[in-house]
Amino acid sequence: MKPLASSNRERIARTLAWIVVSLRLSAAAPAIALARSGTLLVGLRDGLMAMDTRRCAATRVLSLANRHVVDLTTDPEGNVVLAALDGSASEPAAVARSEDGGTGFSVPPTPLPVSGPIATVEIAPSNPARVYA
């Protein structure tokens with residue numbers, strides 16, 4: 001799939017931000033991200049949905065099935081996607097990483113050294129190798 005031009009990604013992101021703010025029903029912002037390919041990623045309580053914005057198609061991302069995705073972020077190009085995952089009794093909180101624009105994610109085998117839930121994840125704009133969770 002041909003990547004979206006930067007100006008189109010920015011226009012779509014602004015539109016999505018307006019929709020999210022306009023339709024927000026709770027204090028928590030929904031977990032959404034726009035990948036470089038134009039795929040809209042939406043975090044759910046039981047996984048991640050990937051929606052192709054060029055056609056009416058939505059699929060579940062199987063590598064995050066049954067995980068509560070609380071936040072999503074991308075690097076400036078939209079290639080790397082990070083997903084903050086809430087912990088549960090059987091699985092610790094984690095930050096999953098996708099190198100392919102959100103098609104597949106890997107969850108690190110070592111738990112993060114956190115004592116509570118992860119509320120957000122961000123990639124530093126000045127240094128895409130730096131992640132805040």
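In what order do the elements of the protein chain run from the N terminus on? The order is α-β-β-β-β-β-β-β-β-β, which amounts to 1 helix and 9 strands. Helices (H or I, at least four residues) and strands (E, at least two) are DSSP runs, numbered from the N terminus. The model is a predicted one, in which local features need pLDDT of at least 70 and side-chain atom pairs count only at pLDDT 80 or more, while totals for chains, interfaces and linings use all residues. Residues are numbered from 1 along each chain as its sequence is written, and side-chain values use heavy atoms, with hydrogens and water left out.

For the chain as a whole, 36% of the 133 residues count as buried (under 20% relative accessible area, with exposed over 50% and partly exposed in between; 1.4 Å probe, protein chains only). The accessible surface comes to about 8,000 Å², and carbon and sulfur atoms hold 58% of it; such areas come from the Shrake-Rupley method with a 1.4 Å probe, and for residues only the protein chains shown count as cover. Among contacts (heavy atoms within 4.5 Å) between residues at least 6 apart in sequence, 38% join residues at least 24 apart.

Strand β2 has a partner in β1 (residues 32-34), antiparallel over 3 bridges; two strands pair if DSSP finds at least two bridges between them. The hairpin of β1 and β2 has 4 residues between the strands, and G38 there takes a positive phi near 100°. Strand β2 also pairs with β3 (residues 47-52), again in the antiparallel sense, over 6 bridges, and the hairpin joining β2 to β3 passes through 2 residues. Residue L41 of β2 is the bridge partner of A33 and stands opposite A50 in β3.

Attention now turns to the nonpolar cores, defined as sets of buried Ala, Val, Leu, Ile, Met, Phe, Trp, Tyr and Cys residues joined through side-chain atoms within 4.5 Å. The largest has 15 residues, and those with the most contacts inside it are L48, L64, V69, L72, A83, L85 and F105. Two or more residues each come from β3, β5 (69-74), β6 (81-85) and β7 (94-98), with β6 giving the most, 3 residues. Another core, of 8 residues, lies apart from this one and includes V80, A93, V121 and I123. In soluble globular proteins, nonpolar side chains tend to be buried together.
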